[in-house]
Amino acid sequence: MAAVSAGSTHRGRTPLVHPLWLRLTHWINALALLLLVTSGWRIYNASPIFEFKFPKTITLGGWLGGALQWHFAAMWLLVANGLLYLVLNLATGRFRNKLLPVRPGEVIADLQAALRGALSHADPARYNAVQKAAYVGVIALLALVVLSGLAIWKPVQFAVLAALMGGFDTARVVHFFAMSGLVLFLVVHVVMVALVPRTLVAMLRGR
Ligand code: HEM
């Protein structure tokens, strides 16, 4: 039997929008990020950079040691899963087909159309330019959060990385703002999904 790839059809069934590996890596990534953010807030509270702390009820780990254990466990999950997502996207040519190129002119045009309520969602297999920019941007932010995290975790072993981040203290600030960008993405992403719920069905069932 012929293999079924993204975008192809089973006889009499709706087209496959997201292959199984993409759906699995997406949801594992979402879980890992949730664990990382909430345990990260608990770690931040032990030594805040700014004048505020996160409410303890929305943090994970109970205490600094527990939060660190959650954070490192979820970090390996995020890195291993993220590498798998990158390798499979490159190997299948999906990056080139679905996420690239990101052209600033198209992003501005699609953003204006979205604000006028005139952006079409007729084809769920194609991302518009704003989605492409958001998804490529969030992948870059995830890379930044991992690199700044490595610089904070092992500043001696990753001395060059820590220096590139501007030193240990600046790397902490970079890590904090990368986390903030990811949380902002997540809020907007979930609102957009709620506005077009059939995209969620496709991300769960594939079609
Ligand atoms: C927690 C962090 C999350 C990150 C970093 C994230 C990231 C992404 C990325 C990069 C894509 C594009 C994937 C690709 O085609 O290669 C995507 C698609 C999608 N995500 Fe998420 N996601 C997150 C959480 C969520 C959550 C909580 C939901 C559900 C409410 C969700 C629902 C979706 C849906 C439905 C799509 C497909 C959108 C479409 O086809 O128009 N994501 N996400």
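I began with Asn-45, which I found in helix α1; helices here are DSSP runs of H or I with at least four residues, numbered from the N terminus. I note that this is a predicted model, in which local features need pLDDT of at least 70 and side-chain atom pairs count only at pLDDT 80 or more, while totals for chains, interfaces and linings use all residues. Residues are numbered from 1 along each chain as its sequence is written, and side-chain values use heavy atoms, with hydrogens and water left out.

Is Asn-45 buried or exposed? I read a relative accessibility of 8%, so Asn-45 counts as buried; buried means under 20% relative accessible area, exposed over 50%, and partly exposed in between, with a 1.4 Å probe and protein chains only. I then followed the side chain of Asn-45 to the backbone oxygen of Phe-54, which it reaches at 2.7 Å. Such a polar contact is a pair of N or O atoms within 3.5 Å; within protein, one must be able to donate a hydrogen and the other to accept it, and residues adjacent in sequence count only if both atoms are side-chain atoms. With neighbours within four places in sequence set aside, I listed Lys-53, Phe-54 and Thr-59 as the contacts of Asn-45, contact meaning heavy atoms within 4.5 Å.

**The iron atom**

Which protein atoms are donors of the iron atom of the ligand? I found NE2 of His-26 and NE2 of His-189, lying 2.0 Å from the iron atom; donors are N, O and S atoms within 2.8 Å of the metal (3.2 Å for Na, K and Ca), and water is not among the atoms, so sites may look incomplete. His-26 lies in helix α1 (residues 20-46) and His-189 in helix α7 (residues 168-195), so this pair ties together parts that are 163 residues apart in sequence. The six donor atoms make angles of 82 to 179°, and the site is octahedral, a label given to six donors if opposite ones are over 155 degrees apart and all others between 65 and 115. I also looked up how open the two histidines are: His-26 is partly exposed at 23% relative accessible area, whereas His-189, at 18%, counts as buried.

**Around the ligand**

I found 22 residues around the ligand, of which His-26, Tyr-85, Arg-94, Tyr-127 and His-189 come nearest; a residue counts as near if one of its heavy atoms lies within 4 Å. Helix α1 gives the largest share of this shell, six residues, and at least two residues each come from α1, α3 (94-99), α5 (129-153), α7 and α8 (198-205). Among the polar atoms, I noted one in the side chain of Gln-131 that lies 2.8 Å from an oxygen atom of the ligand.

**Two more residues**

I next turned to Lys-132, which lies in helix α5 and is buried, with a relative accessible area of 13%. Beyond its neighbours within four places in sequence, Lys-132 is in contact with Lys-98, Leu-99, Leu-100, Pro-101, Val-102 and Tyr-127.

Last, I looked up Val-183 in helix α7, which is partly exposed at 24% relative accessible area. Not counting residues up to four places away in sequence, Val-183 touches Val-37 and Trp-41, and its C-alpha atom is separated by 16 Å from that of Gly-149, 34 residues apart along the chain.

How values were computed
Tetrahedral: all angles 85-135°; square planar, octahedral: opposite > 155°, others 65-115°.
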